[in-house]
Amino acid sequence: MARQMNWTRCGRRVSKILQTERYRYAVYDWNYGVELENLYGKNVSYVIPELKRRIEDALLADDRVTAVTDFSFREEKDSVTAAFTVYTIFGEVTAERTVDI
């Protein structure tokens with residue numbers, strides 16, 4: 001039961017990290033969150049590899065995350081969505097994050 005509770009919390013933590021813009025809130029350490037706002041207006045060829053790098057950087061800052069893999073990207077007219085798998089010490093979590101471009 002405790003392992004399941006930890007895995008659920010870790011899934012919520014992944015979601016929270018991906019929804020928090022890094023450096024915006026003084027309550028969070030500067031290593032918490034992900035930098036995505038400045039991708040707005042950029043070319044898709046720049047956004048896709050940068051989005052991958054920034055997501056990995058944000059999630060791997062948490063010591064419970066061991067790897068972020070299996071990235072796939074979906075381009076829409078004004079956005080890019082990254083889908084990926086997050087491996088944690090409690091199990092794996094699938095996640096996605098959409099950014100406006």
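Asp 62 is where I would like to begin, because this residue is buried, with a relative accessible area of 8%, where buried means under 20% relative accessible area, exposed means over 50% and partly exposed lies in between, computed with a 1.4 Å probe on protein chains only. Please keep in mind that this is a predicted model, in which local features need pLDDT of at least 70 and side-chain atom pairs count only at pLDDT 80 or more, while totals for chains, interfaces and linings use all residues. Residues are numbered from 1 along each chain as its sequence is written, and side-chain values use heavy atoms, with hydrogens and water left out.

Asp 62 sits in the loop between α2 (44-60) and β1 (65-75), and here helices are DSSP runs of H or I with at least four residues, strands are runs of E with at least two, and both are numbered from the N terminus. If we set aside residues up to four places away in sequence, Asp 62 touches Arg 13 and Ile 17, a contact being heavy atoms within 4.5 Å.

Let me turn to the sheet. It is an open sheet of 3 strands in the order β1-β2-β3, with antiparallel pairing, and two strands are said to pair if DSSP finds at least two bridges between them. β1 and β3 stand at the edges with a single partner strand each, so one side of each is left without a neighbour in the sheet. From one strand to the next the twist averages 20 degrees. α2 packs on this sheet, touching β1, β2 and β3, and its direction makes about 155 degrees with that of β1; for such angles, axes are lines fitted to C-alpha atoms, for helices over the stretch in contact, and the values run from 0 to 180 degrees between N-to-C directions.

Taking the strand pairs in turn, β1 and β2 pair in the antiparallel sense over 8 bridges, and they form a hairpin with 3 residues between them. Within this pair, Phe 73 stands opposite Ala 82 in β2, and Glu 75 has Val 80 of β2 as its bridge partner. β2 and β3, for their part, pair in the antiparallel sense over 10 bridges, and the hairpin that joins them runs through 2 residues; here Thr 85 stands opposite Thr 94 in β3. Of the 10 residues of β2, 8 are buried, so this strand is largely enclosed by the rest of the structure.

Which residues touch the most other members of the largest nonpolar core? Among its 24 residues, they are Leu 51, Ile 55, Leu 59 and Phe 84, a nonpolar core being a set of buried Ala, Val, Leu, Ile, Met, Phe, Trp, Tyr and Cys residues joined through side-chain atoms within 4.5 Å. The elements giving two or more residues to this core are α1 (2-19), α2, β1, β2 (79-88) and β3 (91-100), and α2 gives the most, with 6 residues. Phe 84, leaving aside neighbours within four places in sequence, is in contact with residues including Leu 18, Ile 55, Leu 59, Val 68 and Phe 71.

That brings me to the aromatic rings. A pair of aromatic rings is described by the distance of the centres and the angle of the planes. Rings of Phe, Tyr and Trp (its six-membered ring) pair if their centres lie within 6.5 Å, with planes under 30 degrees apart counted as stacked, over 60 as edge-to-face and the rest as tilted, and by this rule the count comes to 3 aromatic pairs. In one of them, the rings of Tyr 28 and Tyr 32 have centres 4.6 Å apart and planes at 15 degrees, so the pair is stacked. Tyr 28 is partly exposed, with a relative accessible area of 26%, whereas Tyr 32 is buried, with 16%. The rings of Phe 71 and Phe 84 have centres 5.1 Å apart and planes at 25 degrees, so this pair, too, is stacked. Phe 71 lies in strand β1 and Phe 84 in strand β2, so the pair ties together parts that are 13 residues apart in sequence. Phe 71 and Phe 84 are both buried, and together with Phe 73 they form one aromatic cluster.
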